[in-house]
Amino acid sequence: MANPVIAEVTRGSRVESVHRGRIVAVDADEGVLFAIGDVDTPVYPRSALKLMQALPLVESGAADAFGFGDRELALACASHSSEPAHVDMARAMLSKAGLTQDDLQCGAHWPLFGSGEMVALARSGEEPTRAHNNCSGKHAGFLCTCVHQGFDTGDYLADANGVQRQVRATIEQLTGATLYADRCGLDGCSAPTYALPLVAFARGFARLATGNGLESARAKAARRLMAACVAEPLMVAGTGRFCTDLMDACEGRVYVKTGAEGVYVGTVPEEGIALALKCDDGATRAAEVAMAAALVRALGPDHDLTASIASFAVRPVRDWNGLQVGELRAVEPD
């Protein structure tokens, strides 16, 4: 059966487009609060799991060895907008490990996400570098972890490299799911990405948010990374981005992270709640409003965060004159 509609776009008084998907929320005990659609079929998490991928950076001691603070750790978990602060920080992280942007294997691309940085870079007459890649912080984290532990930096994305072995083991331990070779693909930045059940994402992030079931060192590392992200939300995404704006509006009490092709994860650590969703057609616009609405549903109408989050569950659709002609809004299936 098809997954239900989780977001719709109106024009005038009519629904013009719909987005189907699946959503799951779990509590601190990893019990399912609600599930919408098929949350058991494996999907690629893409960049939504970057915080898990960054755990070896902290656990290995590399973050402390190179003097990384909240901004560096947030960038290691980021899908950034290639703003100067992001690009400069990625280069600075590499420099502390004796490396340069040429050591990155994520590829170069023009700035994304409509931040205006693409126009600024083009006007400067410069070409985008690997540090402009929205995943350059994650890759800088991989490389710094390799340098600190003596792993080869030339093949740091290879399955057999020490840092990728650590990342796989970390994800398996947190999600409780086995990462099968036949479910492995390459992300847009050439890093491995493994398909997992959506409910496994949510349970993994519940453990990250609460520390339940984790050894003390891992729980401490998880708290440190999540605290860095909510303290420096601009480094996680960028100006005008949903992740940055929602975390900023919630003043560090909510963590959300996008993944390509309509994937999102989110947590409210103080409540032990974690959520994951996938928009079937890969639309980020739908995933964003659906994540906001799912957070509201998980928290309930009387929670003091609800009003702030609810404002992100609907946004205007405007024409080229700036007139509102409809809206993009989350839909709660029956």
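Trainee: How many salt bridges does a search of the whole structure find?

Mentor: The model is a predicted one, and a search of the whole of it finds 14 salt bridges. Several of them may be taken one by one.

One joins Asp187 to Arg46, with the closest N and O atoms 2.6 Å apart. This pair links distant parts of the chain, for its two residues are 141 residues apart. Asp187 lies in the loop between strand 5 (184-186) and strand 6 (192-194), while Arg46 belongs to the loop between strand 4 (42-43) and helix 1 (50-59). Asp187 has a relative accessibility of 10% and therefore counts as buried, the cut-off being under 20%.

Another salt bridge is formed by Glu332 and Arg297, whose closest N and O atoms are 3.8 Å apart. Glu332 is exposed, because its relative accessible area is 54% and the limit is over 50%. Arg297, at 34% relative accessibility, counts as partly exposed.

Arg11 and Glu16 also form a salt bridge, in which the closest N and O atoms are 2.9 Å apart. Arg11 counts as partly exposed at 42% relative accessibility, and Glu16 likewise counts as partly exposed, at 47%.

Finally, salt bridges may join into a network, as they do in linking Glu8, Glu327 and Arg329.

Terms used
Residues are numbered from 1 along each chain as its sequence is written. This is a predicted model: local features need pLDDT of at least 70, side-chain atom pairs count only at pLDDT 80 or more; totals for chains, interfaces and linings use all residues. Side-chain values use heavy atoms; hydrogens and water are left out. A salt bridge is a side-chain nitrogen of Lys or Arg within 4 Å of a carboxyl oxygen of Asp or Glu. Buried means under 20% relative accessible area, exposed over 50%, partly exposed in between (1.4 Å probe, protein chains only). Helices (H or I, at least four residues) and strands (E, at least two) are DSSP runs, numbered from the N terminus.
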